[in-house]
Amino acid sequence: MWPLYAAGFTTAFGAHGIAANLGGDREDAVTSLLVLGGLLALYDGAEVLLKPVFGTIADRIGARPVLLGGLVAFAVASALYALADSPGWLWAARLGQGAAASAFSPAASALVARLNPAAKHGRAFGSYGFYKSIGYTLGPLLGGVLVWAGGLRLLFTVLAVLGASVAVWALVAVPVVPPLPRARQTVVDLARRLADPVFLVPTAALAGATAALSVGVGFLPVSGAVAGLGTVATGAAVSVLAACAAVVQPRAGRALDAGRITARGGLVVGLLLAAAGLACAMLPGLTGVLLAAALIGAGTGLITPLGFAALASATPPERLGQTMGAAELGRELGDAGGPLLVAGVAAAATLAYGYGTLALLLACGPAVAVVVGVRRRAGAGRG
């Protein structure tokens with residue numbers, strides 16, 4: 001399992017480490033906002049398009065080859081810019097990193113499910129999410145130190161070494177998990193399976209959690225600056241968010257495995273916590289920022305392992321890669337859609353209204369779940 005945790009750390013560290021350090025006042029920094037936006041979108045765009053594709057390939061040929069190939073490709077793409085050090089190769093390297101992460105991220109998730117019995121899926125995905133959260137937390141910090149010491153080339157060099165090292169580690173330690181026989185699946189069959197509430201509910205919760213997380217990381221520093229807080233204070237608030245998410249995930253997974261919580265109940269509570277955090281972000285000053293960070297982090301940490309564990313338990317083993325790839329697509333859409341929604345509402349009104357809009361949207365999920373549950377119980381009683 002440890003190489004899989006390292007793979008999760010790698011994709012998170014690579015995504016946030018570079019994204020947070022492309023701009024600035026260095027000689028090799030990206031100075032055009034248009035170019036910066038394009039480079040940021042290139043990585044996420046590759047993931048949105050390719051994660052479902054590589055998830056399906058993992059089901060067909062086995063998740064381990066896709067994991068190893070993706071890690072090697074990530075190392076090669078990172079080495080491109082480290083060796084060439086030109087703006088054109090920066091675009092190529094960023095696209096290559098995004099495509100490679102699209103391969104090894106869903107493959108790693110599928111292997112987490114395949115290598116653990118269903119009774120331990122909560123703990124396994126909680127640990128996987130913990131190390132991924134560590135990558136998100138340390139990426140901007142360690143990436144900034146590396147860029148300060150040696151520019152973007154040093155950061156890309158470290159990522160190339162990291163990707164290659166994890167690939168070798170996985171080659172040695174991760175056992176061969178052969179693909180399982182699969183019944184023929186038509187496009188209609190796939191659409192029916194992805195439209196099933198068993199898939200849609202956890203995926204929607206994961207998308208909502210990722211939307212709240214992205215908004216927290218991106219906009220809480222803005223709220224802090226408006227309140228007159230310095231960069232240290234706002235940076236600490238974002239660290240609180242990431243730390244809460246990292247701490248809660250393994251505990252939520254263990255509670256699910258022990259039967260202390262259910263996946264459905266945990267997802268509802270997680271969405272409510274994230275919504276409450278966004279509502280707290282509407283409060284002025286440091287108190288509102290810190291409360292928002294803690295609640296959003298706790299809600300995200302609760303939803304992530306429970307959502308993936310629910311998907312793994314409801315998916316035929318031979319389709320795990322496809323399901324994980326599709327679920328990762330949902331998370332990417334939340335990652336992009338949450339900030340866009342909040343920014344759009346903020347542009348028309350204020351940032352507080354943007355927070356409130358997303359909070360209401362997240363709270364609608366638990367409300368719908370309660371209504372559906374009441375109707376089902378009423379129907380069962382009449383039966």
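**View 1. The loop residue N116 between two helices.** N116 sits in the loop that joins helix 4 (87–114) to helix 5 (121–173); helices (H or I, at least four residues) and strands (E, at least two) are DSSP runs, numbered from the N terminus. The model is predicted, so local features need pLDDT of at least 70 and side-chain atom pairs count only at pLDDT 80 or more, whereas totals for chains, interfaces and linings use all residues. Residues are numbered from 1 along each chain as its sequence is written, and side-chain values use heavy atoms, with hydrogens and water left out. N116 counts as buried because its relative accessibility is 15%; buried means under 20% relative accessible area, exposed over 50%, and partly exposed in between (1.4 Å probe, protein chains only). Residues up to four places away in sequence not being counted, N116 touches M1, H121 and A124, where contact means heavy atoms within 4.5 Å.

View 2. H121 belongs to helix 5 and is buried, because its relative accessible area is 7%. With residues up to four places away in sequence set aside, H121 touches A113, N116, D257, A309, A312 and S313. The C-alpha atoms of H121 and L256 are 8.6 Å apart in space, although the two residues are 135 residues apart in sequence.

**View 3. T157 and A79.** T157 is also placed in helix 5. At 34% relative accessibility, T157 counts as partly exposed. Between T157 and A79 the C-alpha to C-alpha distance is 6.0 Å, with 78 residues of separation in sequence.

**View 4. L278 in the largest nonpolar core.** This core has 85 residues, and among them L67 and L278 touch the most other members. A nonpolar core is a set of buried Ala, Val, Leu, Ile, Met, Phe, Trp, Tyr and Cys residues joined through side-chain atoms within 4.5 Å. Apart from its neighbours within four places in sequence, L278 is in contact with A212, V215, I296, Y355, L358, A359 and L362. In soluble globular proteins, nonpolar side chains tend to be buried together.

**View 5. A nonpolar surface patch that includes W89.** V72, V76, L80 and W89 make a nonpolar surface patch of about 340 Å². Accessible areas come from the Shrake-Rupley method with a 1.4 Å probe, and for residues only the protein chains shown count as cover. Helix 3 (residues 63–84) supplies the largest share of the patch, three residues, while W89 is found in helix 4. W89 is partly exposed, with a relative accessible area of 41%.

**View 6. Two cysteines, C280 and C364.** The structure holds zero disulfides (pairs of cysteine sulfur atoms within 2.5 Å). C280 is buried at a relative accessible area of 15%, whereas C364 is partly exposed at 42%.

**View 7. The chain as context for the close-ups.** The secondary structure comprises 12 helices and zero strands. Of the 383 residues, 46% count as buried. Among contacts with a separation of 6 or more, 82% are between residues 24 or more positions apart. The chain exposes about 16400 Å², of which carbon and sulfur atoms supply 72%.

Methods:
Patches are made of residues with over 30% relative accessible area and no salt bridge: like charges are joined within 9 Å, nonpolar side chains (Val, Leu, Ile, Met, Phe, Trp, Tyr) within 5 Å. A salt bridge is a side-chain nitrogen of Lys or Arg within 4 Å of a carboxyl oxygen of Asp or Glu.
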